[in-house]
Amino acid sequence: MTYEEMIEDETFIEGMQTRIMSNQEMDTMYIPDVEYMNIDGISRVLQILVPRKRVMENEKYPLIVYVQGSAWHKQNVYQHVGQLNYLCKQGFVVAIVQYRESDLVPFPAQIEDTKTAIRFLRKHHEEYFIDEQNVFLFGDSSGGHVALVSGLTSKLPLFNSNLYSEYSNEVRAIIDFYGVVDITMEDGFPTTENHQQPDSPEGYLIGRKNVLEHLDIARQTSPMTYLAGDIPPILIAHGTKDRLVAFKQSVKLYKALKDKNKEVIFYRMKGADHGGPMFFCEEMLDEVIKFIKKSIAHD
């Protein structure tokens, strides 16, 4: 029996309250652990949040690809599902990407995987109600770093796998929450005791090497290397009391972008540490939405 064939029950008892459907009511369809790649037996998945209405006819929503911070180690891709659901309810598909962690494969695998995920999502845009013309990257901490490098090179033939190569990995804007900008900065990680050593997060990123002894590789990881040409607008947010990734890292990126007359917004989060409610409250996520909407392409 179809919905149209179902006869509506007209029973009414005094005291009942009636609500009339508008068919615009929206909740979230959560699609967990969608495999987007499997390389050498290493499977990587997406957590996908899709705005859901009772009737989904020709619905298309902008896509936000989110990269979870983890010091480039194994990600807890469920960490911000609750907060990111707010973006979904404002009319965005949100896909949280799991990449191959630095314990398994060094840079640029994390970038390659993120770009592969974007192409996979474009390939399956109808299945997940994605407006493939409007794709955005968002990440925090090491995820902010991955989002930056992936987005800044999205129009370049760099760090691309061969998977879904017929699809684009271009993005329209990047949101960077307290992301790593330069692993060669001596004072870039205030509380990391083994900073830049082979067993540090930065050392793991480049293949368990001493960062200062391998500057050629280290510089390839920096978003600062990819600021030339036509790059997407960037929103940066960073706390002034960040104990893990120094505030001055984002200042360095902001200065470089301004010097090159690139489009950038910087939220100086006074008193904020590394992440937390100041960043993921509805008020700040509304600023993210406002920023994204400025870059949305309309047919």
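## Ground rules

Helices are DSSP runs of H or I with at least four residues, strands are runs of E with at least two, and both are numbered from the N terminus. The model is predicted: local features need pLDDT of at least 70, side-chain atom pairs count only at pLDDT 80 or more, and totals for chains, interfaces and linings use all residues. Residues are numbered from 1 along each chain as its sequence is written, and side-chain values use heavy atoms, with hydrogens and water left out.

## Helix α2

Thr-114 sits in helix α2. Its relative accessible area is 0%, so Thr-114 is buried. Buried means under 20% relative accessible area, exposed means over 50%, and partly exposed lies in between (1.4 Å probe, protein chains only). Thr-114 is in contact with Val-67, Val-97, Tyr-99, Leu-137, Val-146 and Ser-150, leaving aside neighbours within four places in sequence. Contact here means heavy atoms within 4.5 Å.

Phe-120 also belongs to α2. It is buried, because its relative accessibility is 6%. Not counting residues up to four places away in sequence, Phe-120 touches Val-34, Glu-35, Tyr-36, Leu-46, Tyr-128 and Tyr-164. Leu-137 is 17 residues from Phe-120 along the chain, and their C-alpha atoms are separated by 14 Å. Taken as a whole, α2 is mostly covered, with 13 of its 15 residues buried. At 1.5 Å a residue, its 15 residues should span 21 Å; the end C-alpha atoms are 21 Å apart, which agrees. The expected span is 1.5 Å times one less than the number of residues.

With a relative accessible area of 1%, Ser-150 counts as buried. Its contacts, not counting residues up to four places away in sequence, are Ile-111, Thr-114, Lys-115 and Leu-137.

Ser-154 is in the loop between α3 and β6. At a relative accessible area of 5%, Ser-154 is buried. It touches Lys-115, Asn-169, Glu-170 and Val-171, not counting residues up to four places away in sequence. Asn-169 is 15 residues from Ser-154 in sequence, but the two are 5.7 Å apart in space, C-alpha to C-alpha.

## Backbone details

A cis peptide bond joins Phe-107 and Pro-108, with omega about 10°. Pro-108 lies in the loop between β4 (93-97) and α2 (109-123).

Phe-159 has a phi of about 55°. It is in the loop between α3 (142-152) and β6 (173-177). Phe-159 is buried, because its relative accessibility is 13%. For Arg-208, phi is near 60°. Arg-208 is in the loop between α4 (201-205) and α5 (215-220). At 46% relative accessibility, Arg-208 counts as partly exposed.

## Helix α8

Helix α8 covers residues 282-295, and its 14 residues should span 20 Å at 1.5 Å a residue; the end C-alpha atoms are 20 Å apart, which agrees. The buried residues of α8 are Met-284, Leu-285, Val-288, Ile-289, Phe-291, Ile-292 and Ser-295. Seen down the axis, they fall within an arc of 165°, so they line one face of the helix. The arc is that of the directions from the helix axis to the C-beta atoms. On the face turned away from the buried side are the exposed residues Glu-283, Lys-293 and Lys-294.

## Largest pocket

The largest pocket holds about 310 Å³ of space. A pocket is an open set of points on a 1 Å grid over the protein atoms alone, where a 1.4 Å probe fits, with protein on both sides within 12 Å along at least five of seven lines. Grid points are joined across faces, edges and corners, and the volume is the space filled by probe spheres set on the points.

Lining residues have an atom within 4 Å of a point. Those of the largest pocket include Tyr-3, Met-6, Glu-8, Phe-12, Thr-18, Arg-19 and Met-21. The lining divides into six nonpolar, two polar and four charged residues. Ala, Val, Leu, Ile, Met, Phe, Trp, Tyr, Cys and Pro count as nonpolar, Asp, Glu, Lys and Arg as charged, and the others, Gly among them, as polar.
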